[in-house]
Amino acid sequence: MGDLKKLSAKIRLEVCKMLKHRGFGHLGGSLSIVETLSVLYGDVMKINPLNPNWEGRDWFVLSKGHAGPALYATLAVKEYFPVEMLNTLNDNGTRIPSHPDRLKTPGVDVTTGSLGQGISLAVGIAKSFRMSQKSNRVYSIVGDGECNEGQVWEAFQFAAHHRLSNLIIFIDENHKQLDGPTKDIVNPFDIKEKLEAFGFVVKRVKGNDESEIKKAVLEMFEVQDKACCIILDTVKGQGIEYFETLADNHHIRFSGESEFQLDLAIEKLKQELESEGRLCNLF
């Protein structure tokens with residue numbers, strides 16, 4: 001197990017444990033971005049967990065804010081705050097509410113939740129860094145269902161017009177949203193073709209493959225004068241077969257079979273990580 005795959009397993013485990021403790025939550029769309037968060041926080045982003053507000057850091061904007069549990073798990077594993085805090089998800093007075101809040105959670109750069117607004121903020125931040133000649137990069141994950149919002153396309157057009165190559169947009173194309181398949185609700189057609197028509201440089205990658213995601217990010221670093229987008233071909237509930245195939249896996253209340261399967265997934269992830277730890281101790 002490579003370092004990034006190990007980090008992905010840790011993040012996925014903490015997401016599952018957190019939502020198991022809460023009893024419900026946005027599991028599907030949280031799991032589909034685990035590998036991307038692993039690559040960003042485990043390798044390519046300039047960050048400092050000991051100083052979350054470091055001015056030289058790269059910024060991350062989770063535009064699909066309902067996937068907050070995945071971001072919280074990532075930040076906890078990277079030691080922005082104690083892992084035990086994850087058990088307070090959605091509690092009264094918690095520092096980790098259902099959607100990211102920059103005033104509450106260490107490591108959260110931008111408050112998000114109202115779909116479409118996060119990417120607009122990300123574009124504005126990238127433009128401000130460009131105007132002030134700062135080297136900070138901005139990364140943002142947008143949901144494919146979120147792309148139903150007209151505001152998303154206004155932000156994309158702005159990013160393309162201003163050639164914001166210091167911004168990398170990820171579109172989590174897991175093909176489902178709250179009410180069903182995206183193609184049945186508002187057909188997105190070919191997102192890659194549409195963004196290329198806007199003037200973007202676009203890569204499509206397997207969203208469960210850390211090496212592909214990292215390679216695409218590094219290729220985007222070479223782009224100097226165009227906006228950049230990486231389309232993640234993912235599955236809602238990614239990494240846990242039962243939840244990948246569950247019809248209504250956007251928001252799940254765990255009971256009966258779903259709770260049993262979540263418990264199985266937690267044990268399997270624990271065993272994988274423990275086995276990896278024992279193997280490392282042999283060398």
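A: A residue is buried under 20% relative accessible area, exposed over 50% and partly exposed in between, using a 1.4 Å probe and protein chains only. This is a predicted model, in which local features need pLDDT of at least 70 and side-chain atom pairs count only at pLDDT 80 or more, while totals for chains, interfaces and linings use all residues. Residues are numbered from 1 along each chain as its sequence is written, and side-chain values use heavy atoms, leaving out hydrogens and water.

Q: Is Asn48 buried or partly exposed?

A: Asn48 is partly exposed, because its relative accessible area is 29%. You will find Asn48 in the loop between helix 3 (34–44) and strand 2 (59–62); helices (H or I, at least four residues) and strands (E, at least two) are DSSP runs numbered from the N terminus. Its C-alpha atom is 9.5 Å from that of Lys78, a residue 30 places away along the chain. Not counting residues up to four places away in sequence, Asn48 touches Trp54 and Tyr80, where contact means heavy atoms within 4.5 Å.

Q: Which residue's backbone oxygen does the side chain of Thr105 reach?

A: The side chain of Thr105 reaches the backbone oxygen of Arg95, at 2.5 Å. Thr105 sits in the loop between helix 4 (68–77) and helix 5 (117–131). With a relative accessible area of 3%, Thr105 is therefore buried. Leaving aside neighbours within four places in sequence, Thr105 is in contact with Tyr72, Leu75, Phe81, Arg95, Ile96 and Pro97.

Q: How many residues has the largest nonpolar core?

A: In soluble globular proteins, nonpolar side chains tend to be buried together. A nonpolar core here is a set of buried Ala, Val, Leu, Ile, Met, Phe, Trp, Tyr and Cys residues joined through side-chain atoms within 4.5 Å. The largest one has 57 residues, and those with the most contacts inside it are Tyr41, Phe60, Tyr139, Phe170 and Ile230. Helix 1 (residues 3–22) provides the largest share of this core, 9 residues. A second, separate core of 29 residues includes Val110, Val138, Cys147 and Phe200.

Q: How many aromatic pairs does a search of the whole structure find?

A: A pair of aromatic rings is described by the distance of the centres and the angle of the planes. Rings of Phe, Tyr and Trp (its six-membered ring) pair if their centres lie within 6.5 Å; planes under 30 degrees apart count as stacked, over 60 as edge-to-face and the rest as tilted. The search finds 7 pairs. Trp153 and Phe198 have ring centres 5.8 Å apart and planes at 70 degrees, so they are edge-to-face. This pair links distant parts of the chain, with Trp153 in helix 6 (residues 150–161) and Phe198 in helix 8 (residues 191–198), 45 residues apart. Trp153 counts as buried because its relative accessibility is 16%, whereas Phe198, at 34%, counts as partly exposed. Tyr242 and Phe243 also form an edge-to-face pair, 5.0 Å centre to centre with 85 degrees between the planes. Phe243 is buried at 0% relative accessibility, and Tyr242 is partly exposed at 24%. Trp153, Phe156, Phe198 and Phe200 form one aromatic cluster.

Technical notes: A polar contact is a pair of N or O atoms within 3.5 Å; within protein, one must be able to donate a hydrogen and the other to accept it, and residues adjacent in sequence count only if both atoms are side-chain atoms.
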